[in-house]
Amino acid sequence: MQKTVVLGVTGCVAIYKACEVLRGLQKAGVRVKVVMTKNATEFIQPAMFRALMREPVAVGLFDDAPGDPIHHISLAKEADLFLVAPCTANVMAKLAHGIADDLLTTTALATTAPIAIAPAMNVNMYDHVATQENMQTLKARGVRFIDAGEGYLACGDVGRGRLAEPDDIVAAAIEMLEVTHDLAGKHVLVTAGPTVEPIDPARYISNRSSGKTGFAIARAALNRGAKVTLVTGPVALGDVEGADMARVTTALQMRDAVDAAFDDADIAVFSAAVCDARPSNPSKRKLKKGADDEALMHIELTENPDILATMAGRKRPEQVVVGFAAETENVVANARAKLERKHADMIVGNLVGEGRGFATDENEVVFVYADRERRLPLMNKDDLAHAILDEALEKLE
Ligand code: C5P
């Protein structure tokens with residue numbers, strides 16, 4: 001059946017690229033229905049899109065749509081994908097907060113189709129903490145971002161905020177339309193984020209893991225129809241809607257939460273950066289400089305359990321276990337040693353340090369097996385999540 005993309009077009013200079021997105025989707029055999037904000041019509045007349053689509057363009061909530069009294073609901077239902085390109089900071093903010101005050105935002109709230117956003121705005125608007133928080137909120141909800149590029153912006157500034165290229169937007173949309181429920185009936189367990197090991201009520205040992213990779217894997221697995229358990233250490237990311245969330249603090253708590261879910265899981269992906277050790281005797285009161293110098297300067301540590309090794313050590317043959325190895329050198333050799341030591345089926349090796357890996361949105365990794373390895377190009381964490389699940393699924397079958 002022909003797929004339908006509802007293309008939301010908002011008011012900014014990059015709007016001319018929306019015409020190319022529309023044409024690209026049509027060339028790929030996709031039916032496109034355009035919904036414009038009022039501001040968008042200040043840049044381009046609806047007649048332009050109407051001519052390209054040969055269908056009416058929707059703008060106002062109360063416009064007459066022939067034979068269709070509740071236009072936002074019918075549009076929402078028709079969509080196999082709701083794509084907002086270009087998306088202004090304002091519309092992104094509305095979508096993040098569930099504001100529905102025009103046809104575009106009302107349709108976005110009413111649709112159950114996947115949503116993709118291609119942002120376009122001035123670099124300072126893009127970098128503003130409000131916009132960044134809105135993006136995180138939407139990402140945590142499963143909205144896919146087709147990231148803005150860097151370059152010269154219409155306002156003369158240079159930086160992030162340029163609308164992604166139409167070809168890339170079309171490719172991402174096509175990919176989303178083709179997502180199959182190939183993980184339906186499967187249970188995917190994911191660990192994510194750092195663990196935090198208290199020294200006293202104020203101090204702790206931890207690491208720089210952001211949890212982004214694990215959360216992306218959980219989202220991708222959900223999109224592919226899996227039941228998902230996400231066990232995460234403390235991170236600044238919102239719940240993944242639809243996942244069974246277990247928020248923990250320490251490695252011991254993470255071990256217990258994973259232990260409870262592991263036997264039922266078909267695929268287990270251990271992306272958490274678990275602290276290797278914890279203070280042996282965390283103090284119940286804050287240690288004081290001076291009086292407690294001895295305890296503060298010589299923190300005794302106890303090794304944490306290796307959660308991956310413990311679980312994979314008892315895995316059934318039909319379970320697939322994926323581990324991670326963040327290395328600053330000799331990635332493949334170190335990953336392969338870990339594969340063996342921890343009884344994993346595959347290790348995702350990645351180079352960290354010098355701005356790579358942690359807390360970024362992109363990653364360059366190598367899949368390491370006992371007898372071979374596969375290098376992947378630099379990709380965003382959403383695409384990497386799907387690549388990992390593809391690989392795990394192949395093992396499962
Ligand atoms: O030994 P290393 O920490 O580099 O191993 C990384 C892999 O092992 C990751 O998949 C990580 O989630 C897992 N791991 C674990 N429990 C630990 C240490 C690491 O599950 N205590």
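**A walk through the predicted protein and its ligand**

Buried residues, those under 20% relative accessible area with a 1.4 Å probe and protein chains only, make up 52% of the 397 residues in the protein. This is a predicted model: local features need pLDDT of at least 70, side-chain atom pairs count only at pLDDT 80 or more, and totals for chains, interfaces and linings use all residues. Residues are numbered from 1 along each chain as its sequence is written, and side-chain values use heavy atoms, with hydrogens and water left out.

Start with the overall build. The protein has 15 helices and 21 strands; these are DSSP runs numbered from the N terminus, with helices (H or I) of at least four residues and strands (E) of at least two. Its radius of gyration, taken over C-alpha atoms, is 24 Å, close to the 21 Å of the globule rule for 397 residues, so the protein is as compact as a globular protein of that length. That rule is 2.2 Å times the number of residues to the power 0.38. Along the principal axes, the C-alpha atoms fill a box of roughly 75 × 55 × 35 Å.

Now turn to the ligand. Its shell consists of Phe270, Ala272, Val274, Pro305, Asp306, Ile307, Leu308, Gly323, Phe324, Lys338 and Lys342, where a residue is near if one of its heavy atoms lies within 4 Å. Seven of the shell residues are nonpolar, one is polar and three are charged. Here Ala, Val, Leu, Ile, Met, Phe, Trp, Tyr, Cys and Pro count as nonpolar, Asp, Glu, Lys and Arg as charged, and the others, Gly among them, as polar. Three elements each supply at least two shell residues: α13 (307-312), β16 (320-327) and α14 (331-342).

Look at the atom pairs. A polar backbone atom of Pro305 is 2.8 Å from a nitrogen atom of the ligand. A backbone N or O atom of Phe324 lies 2.8 Å from a ligand oxygen. The side chain of Lys342 places an N or O atom 2.7 Å from an oxygen atom of the ligand. The protein covers 86% of the 450 Å² of accessible area that the ligand has on its own, by the Shrake-Rupley method with a 1.4 Å probe.

Finally, check the backbone. Asn330 is not a glycine, yet has a positive phi of about 45 degrees. Asn330 sits in the loop between β16 and α14. Elsewhere, a cis peptide bond joins Ala85 and Pro86, with omega about -5 degrees. Pro86 belongs to strand β3 (residues 81-87).

Key
A polar contact is a pair of N or O atoms within 3.5 Å; within protein, one must be able to donate a hydrogen and the other to accept it, and residues adjacent in sequence count only if both atoms are side-chain atoms. Buried means under 20% relative accessible area, exposed over 50%, partly exposed in between (1.4 Å probe, protein chains only).
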